[in-house]
Amino acid sequence: MENEKLQSLKDSIISGNVPQLVLSTISLAIDMRSSDIHIEPQKNHVNIRFRIDGVLSPIVEYPINMHPAVISRIKIMSELKIDEQRVPQDGRTHVTTKDNRSMDLRVSTLPTVNGEKVVMRIQDKSKKIPDLGELGIEETNLKYFEEALTAPNGIILTTGPTGSGKTTTLYSALSRLNKPEVNILTIEDPVEIQMEGLNQSQVHPDINYTFAGGLRCALRQDPNIIMVGEIRDKETADIAMEASLTGHLVLSTIHTNSAIETITRIINMGIPDYLIPATVELIIAQRLVRRLCDCKKPVEPSPEHKIRVDKVLANMPETIKTAHKELFEKIQFFGPVGCEKCGGIGYLGRVGLYEMLKMHDNIRRLILEGKTSIDIEIEALKLGMLTLEYDGIFKALKGVTSVEEIYRVARKS
C-alpha cells in the first residue's frame, strides 16, 4: 500500500497535478505513521520529508517551479492568506482518510530565502490513548505515578522537549482519573485530544485568555482535578500552587532538562522554597526513543558507548542494582537490522524513557534547607530514582531499544 501511495505521489509530480500531490503526500504520511510533514524549498528543488518515530526521513523531491502552486493549495485548505508570503502564518485543516480515520492538520508556514517552508503536524483524533502501563514506565516508577494520582491534592509535573510524549502521559493519567464523581477541567493550547467526560478549554492569548487566566477561572468551576497545558510564568505557577493548597490535584508540564532541574526552574520563577515541598507530589522527566523491530540482533555497543555504559553500571547506586539484579545476569545489547515490517529501518514505534522524582521527606528537607540540585540528585539516587540514562540502559538490556537510541535523546548522568 505504501509503495502504491509513494508511486501515486511520484506520478502526481511528473504530471504536475498539484491537488493530487498534496493529498498523496498527506495520505502517505499517515500510512507511514508520520507525526510531521516538512516541505522545504531549496535552490533548485523542493524536499518533502516525514518525521517518523522522531526522526526525519527524506521521501521525494519536486521541481521548484511547482512550489508556489503547492503552497497556495495548502493555504486554501488551511484558510491562510494566499497573497501573504512575507510573514509566517499558522492554520489548521481537517482530513478523513479512506479507512475513516479522523485527522487534524496544524499548518505552519515560514518565509525562507528559497520560498515558503511548510510544516504540517498530523494529529490522529481516532488514536487510542494508551493506559499508563502501556507507556513503558518501569515498575517502581509506575507505583510512584499511581500513588501520586490517588493523592487528594498536589501537583504532578511532566517535563521534556517538544514531542517527548508529555501530553500523552498526562492524558493517560487523566483517563485513569476520569470518573463520573469527579470534575476534571483542562486548560490547553491547543486542545490536542478530545476526551469524553472532561471539560476542556482552549486558551486564546490574542484576546488575553491565557493559562493563568484560564486556571483562575477553572478554580471557580468547582473542580477536583485541573490539567494546565504548561506552566510558563510565575503567575501560572502561583495559581497552580494555590490550587494545590486548596485541595485540588493539578497536572501540568514545564520545560526543563531533568526532574531535579525542575525544582531550580520553579524557584527561579520566584516561587518561595517552602511552597515546593508542600505542593509538588511528583516530577516526571521523559523522552521518546525508537523501539527495536522484531528483526533486531545482538550487537556490541560502539567503543564510545561501551565506555559510557560501563561507567554508568559501575557508578550505579546499589539500591538500584539490587532492585533490577535480573537484568545484570547477562549483559547483552541489541541493534536494528531492517525488514519488510519496519520498512527496512530496524525500528518500529516508540517507547518512553522516564525519570521520576518522588517527594520523599528527605528531598523535602533538602529543598527547605536550600541545598543545590546536585545534593538533591545524590539523595534521590540513594532513594532509588532512575535517571533517563538508567531507564534507557535497562530498556536496552531488555532488547526494547538500542544503546545508540538512548544517547540520541538522553544526556549523560
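Which residue just after α12 takes a positive phi? Gly370 does, with a phi of about 75 degrees. The account below leads from the sheet to its salt bridges and then returns to this helix.

The structure is a predicted model, in which local features need pLDDT of at least 70 and side-chain atom pairs count only at pLDDT 80 or more, whereas totals for chains, interfaces and linings use all residues. Residues are numbered from 1 along each chain as its sequence is written, and side-chain values use heavy atoms, with hydrogens and water left out. The chain has a mean pLDDT of 92, with 98% of its residues at 70 or more; pLDDT is the predictor's confidence in each residue, from 0 to 100. Among the elements of the chain, the lowest mean pLDDT, 84, belongs to helix α11 (residues 318-323), and the highest, 97, to strand β7 (residues 154-159). Helices (H or I, at least four residues) and strands (E, at least two) are DSSP runs, numbered from the N terminus.

Six strands form an open sheet in the order β3-β2-β1-β6-β5-β4, with antiparallel pairing. Two strands are taken to pair if DSSP finds at least two bridges between them. The edges are held by β3 (55-63) and β4 (89-96); each has a single partner strand, so one side of each is left without a neighbour in the sheet. From one strand to the next, the twist averages 20 degrees. Here and for the helices, axes are lines fitted to C-alpha atoms, for helices over the stretch in contact, and angles run from 0 to 180 degrees between N-to-C directions.

Within this sheet, β1 pairs with strand β2 (residues 45-52) in the antiparallel sense over seven bridges, and a hairpin of three residues joins β1 to β2. Glu40 stands opposite Asn47 in β2. Strand β5 (residues 102-112) is joined to β6 by ten antiparallel bridges, and Leu105 has Ile122 in β6 as its bridge partner. Seven of the eight residues of β1 are buried, where buried means under 20% relative accessible area, exposed over 50%, and partly exposed in between (1.4 Å probe, protein chains only).

Helix α3 (residues 67-77) lies across β1, β2, β3, β4, β5 and β6, running at about 40 degrees to β6. A contact, as used here, means heavy atoms within 4.5 Å.

Side chains of opposite charge can pair when their charged atoms come close. A salt bridge is counted when a side-chain nitrogen of Lys or Arg lies within 4 Å of a carboxyl oxygen of Asp or Glu, and a search of the whole structure finds 24 of them. Asp36 is buried, at 6% relative accessible area, whereas Arg121 is partly exposed, at 29%.

Arg49 and Glu40 form another salt bridge, with their closest N and O atoms 2.8 Å apart. Glu40 is buried at 9% relative accessibility, and Arg49 is partly exposed at 26%. A network of salt bridges links Glu40, Arg49 and Lys117.

A further salt bridge, 3.3 Å from N to O, is made by the side chains of Glu147 and Lys358. Here Glu147 in helix α4 (residues 139-150) and Lys358 in strand β15 (residues 347-358) are 211 residues apart, so the pair links distant parts of the chain. Both count as partly exposed, Glu147 at 35% relative accessibility and Lys358 at 24%.

Helix α12 (residues 361-368) has Ile363, Leu366 and Ile367 as its buried residues. Seen down the axis of α12, these fall within an arc of 100 degrees, so they line one face of the helix; the arc is that of the directions from the helix axis to the C-beta atoms. They pack against α8 (259-268), α9 (275-279), β15 and α13 (373-382). On the other side of α12, Asp361 and Leu368 are exposed.
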